[in-house]
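Subject: Structure handover

Hi,

Here is the structure I promised to pass on. Please load it before reading further.

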Amino acid sequence: MTELRNVEADLAQFRTRVVVAGLAVLVAFLLLAIRLIYLQVIRHDDFDAQAESNRTAVLPVVPNRGQILDRHGRILATNFSAYTLEITPSKVEDLDGTIDALGKLVTIEPRDKRRFRKLLEESRSFDSLPIRTRLTDEEVARFTAQRFRFPGVDVRARLIRHYPNGETASHVVGYIGRINQREKEDIEEWPDEEQANYRGTDYIGKLGIEQHYEKELHGITGFDRVETSAGGRAVRSLANTPATPGNTVVLAIDLKLQKLIEDMFGQRRGALVAIDPRNGELLAFVSKPTFDPNLFVEGIDVDNWKALNESMDKPLLNRALRGTYPPGSTYKPFMALGALELGKRSPQTIINDPGYFMFGGHRFGSPENERGGPMDMRRAIVESSNVYFYTLANEMGVDTIHDFMAPLGFGQITGIDLRGELRGVLPSQDWKRTTYKRPEQQRWYAGETVSLGIGQGYNSFTMLQLAHAMATLVNGGVSYAPHLAMATVDQVTRLRHPIPATPPVSLGFKPENVELIRQAMHGVTTGGTATRVFAGAGYLSGGKTGTAQAVSLGKHERYDARKMEEHQRDHSLYVAFAPLENPTVALAVVVENAGFGAASAAPIARRVFDYLLLDQYPNPEDLAAVQKGQAGRPMGTPLKASDIAWPTADANGPTPSGPAPAPEGGTAAPPPATTSPRPR
């Protein structure tokens, strides 16, 4: 039986299928066309940038860090070029095995391993960390030949910070170190432009001038745009924005004077601050003991860190900035000036000094060698009468004393260009109410005021504050903010730019009152406690010795240094200025646990003045006597300071890199003592 088909129906069905297939193809091509337009037109710029990014890489070019110089152009901080062997932990499978294998190619000491482990704890796993620095050319060649065996390990050429003078002025200069995690988090809070300037940077200022002037010293990061291969290796440079080196910072300190003062302290602890009262420039800023900042540049090893951090002498403490001490009798000239300015006493007022002062049933004593008798203001300063100033403090009251002393800088932040300055304590009734918790502790007792007059009690100040106050006093009450940096030098233009100074503030002291105090302090050097030290000086100066308690004594205890531990003995202090007319330097010095001010502190001050005013430098015999606290006036014939050679770098140090130095010119708080005070 033959099957009949409907041809027309089949054709119609076929035509329908063709139309549907055609529409499907048309829609597909339409979608492709839309996608093509989206990719080639709308997203063209984005994909072009991605393609360019795959082909090229933008590498940061870290700038050379600026130098730090003293006022005469001597180098305090510079850079040198060196190769470092670095490991990226995230790219290394067996870290210990890799380090052991590297040790067969280059010398890796145990201290290098300990330092690397310390850095590893403080850094992220994808950071490149040095395992050895200052590789020799032979070591670089040996590693390069075997580099294929050590994925994640590479040799890099770096500029390494170097402090050619070692421990000298270390608290002033500070140091740089690798950026830690906390600092990275801080940088992430900076504006985008400042963040970009630290891309590729591994180091940042940690202390001193290196920290305070970080942005001046760092420079401006450059960028190198390079073409890369499929493996990510640079093929050729396409464009380059060179880095701008950091500016040089020129300090006011005299490095040779700084070194002399540090040598005069010897193995003793203490601080000295010397200021030019005419402009606030710090000529010397000494804290002893010191430390070697070079230890910190590539990460300090565990042994050295333990030695510095656990030492009883606290070499990392900047005593000039953060050490607070009772000022002792060095406070008396300021008390006398306050009495004159506030009309509390006239210079001729006589106070009888029987050797003690009774108040509220308590006996406030004086040193056994105090002569006593009737005291006017000048004699009270020259002979350091405790009784005169006990009675003066009682008459003035704690709040009056506070209000007069605060503008002089006591208990205040001076604004020096270093971070971490301590305020100290200038007591007042309000201070005590806010400091203590229990009601009986918050109350101010009249007997507590008495000790303030001789620089004891709750008084606690830094040597910076004491020197700043002395500079203000001898400058007629005109106060300049103390500062270390004088200028910056642009390393591109070589132009010197003075750092803007804070405008001076006049405290309005009467000239006749200032002159009376200056003359009385001059009397200290001619007929008072510093007479032996300043005998035969080729200039006139003024000063005041002080002896401040490190520990309190009981009511019936007597001070005997021979029966006390060294760290319990009195501190030796001296404040001074010179020359008498138109002073150019004012200073404050403390030698911890060294006894009377005239025995240890004043001899150091005498030789500072001899250096600055007479171009004299102590001979070895005299220097040794000063170090032992056995000196008075200079012994023998002094050397000529300008003839003392100063090396441009340490003998064993590397050759510095970077621009030549710019020429000069061009455009530990002890407890307050409340009994048996012995300031002198």
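Below is what I found in it, region by region. Keep in mind that this is a predicted model.

**Cores**

The largest nonpolar core holds 125 residues. Within this core, the residues with the most contacts are Ile261, Leu272, Phe285, Met405 and Phe410. Helix α22 (residues 463–474) is the top contributor, giving nine residues. Another core sits apart from this one and has 20 residues, including Ile87, Ile99, Leu119 and Val155. As background, nonpolar side chains in soluble globular proteins tend to be buried together.

**Phe285 and Asn318**

Take Phe285 from that list. Leaving aside residues up to four places away in sequence, Phe285 touches Val172, Gln258, Leu272, Val273, Asn318, Ala320, Leu321, Ile416, Leu418, Leu464 and Leu484.

Asn318 is one of those partners. It is found in the loop between α13 (302–309) and α14 (319–322). Is Asn318 buried or exposed? Its relative accessible area is 8%, which is under the 20% cut-off, so Asn318 is buried. Its side chain reaches the backbone nitrogen of Ala320 at 3.3 Å.

**Helix α11**

Helix α11 (residues 255–265) has nine of its eleven residues buried, so the rest of the structure largely encloses it. The buried ones are Leu255, Lys256, Leu257, Gln258, Leu260, Ile261, Glu262, Met264 and Phe265. Note that Lys256 and Glu262 are on that list.

Asp254 caps the N-terminal end, with a side-chain oxygen 3.0 Å from the backbone nitrogen of Lys256. Just after the helix, Gly266 takes a positive phi of about 60°.

**Helices α15 and α18**

The axes of α15 (residues 332–341) and α18 (residues 398–405) come within 10 Å and cross at roughly 100°. That makes α15 roughly perpendicular to α18. On the α15 side, the contact uses Phe334, Met335, Leu337, Gly338 and Glu341. On the α18 side, Ile401, Phe404 and Met405 take part. By type, the contact residues are six nonpolar, one polar and one charged.

**Asn394**

Last, Asn394 lies in helix α17 (residues 386–396). At 33% relative accessibility, Asn394 counts as partly exposed. Its C-alpha atom is 7.5 Å from that of Ala446, 52 residues apart along the chain.

Best wishes

Note on methods
Residues are numbered from 1 along each chain as its sequence is written. This is a predicted model: local features need pLDDT of at least 70, side-chain atom pairs count only at pLDDT 80 or more; totals for chains, interfaces and linings use all residues. Side-chain values use heavy atoms; hydrogens and water are left out. A nonpolar core is a set of buried Ala, Val, Leu, Ile, Met, Phe, Trp, Tyr and Cys residues joined through side-chain atoms within 4.5 Å. Buried means under 20% relative accessible area, exposed over 50%, partly exposed in between (1.4 Å probe, protein chains only). Helices (H or I, at least four residues) and strands (E, at least two) are DSSP runs, numbered from the N terminus. Contact means heavy atoms within 4.5 Å. Axes are lines fitted to C-alpha atoms, for helices over the stretch in contact, and angles run from 0 to 180 degrees between N-to-C directions. Angles under 35 degrees count as roughly parallel, over 145 as roughly antiparallel, 65 to 115 as roughly perpendicular and the rest as oblique. Ala, Val, Leu, Ile, Met, Phe, Trp, Tyr, Cys and Pro count as nonpolar, Asp, Glu, Lys and Arg as charged, and the others, Gly among them, as polar. A polar contact is a pair of N or O atoms within 3.5 Å; within protein, one must be able to donate a hydrogen and the other to accept it, and residues adjacent in sequence count only if both atoms are side-chain atoms.
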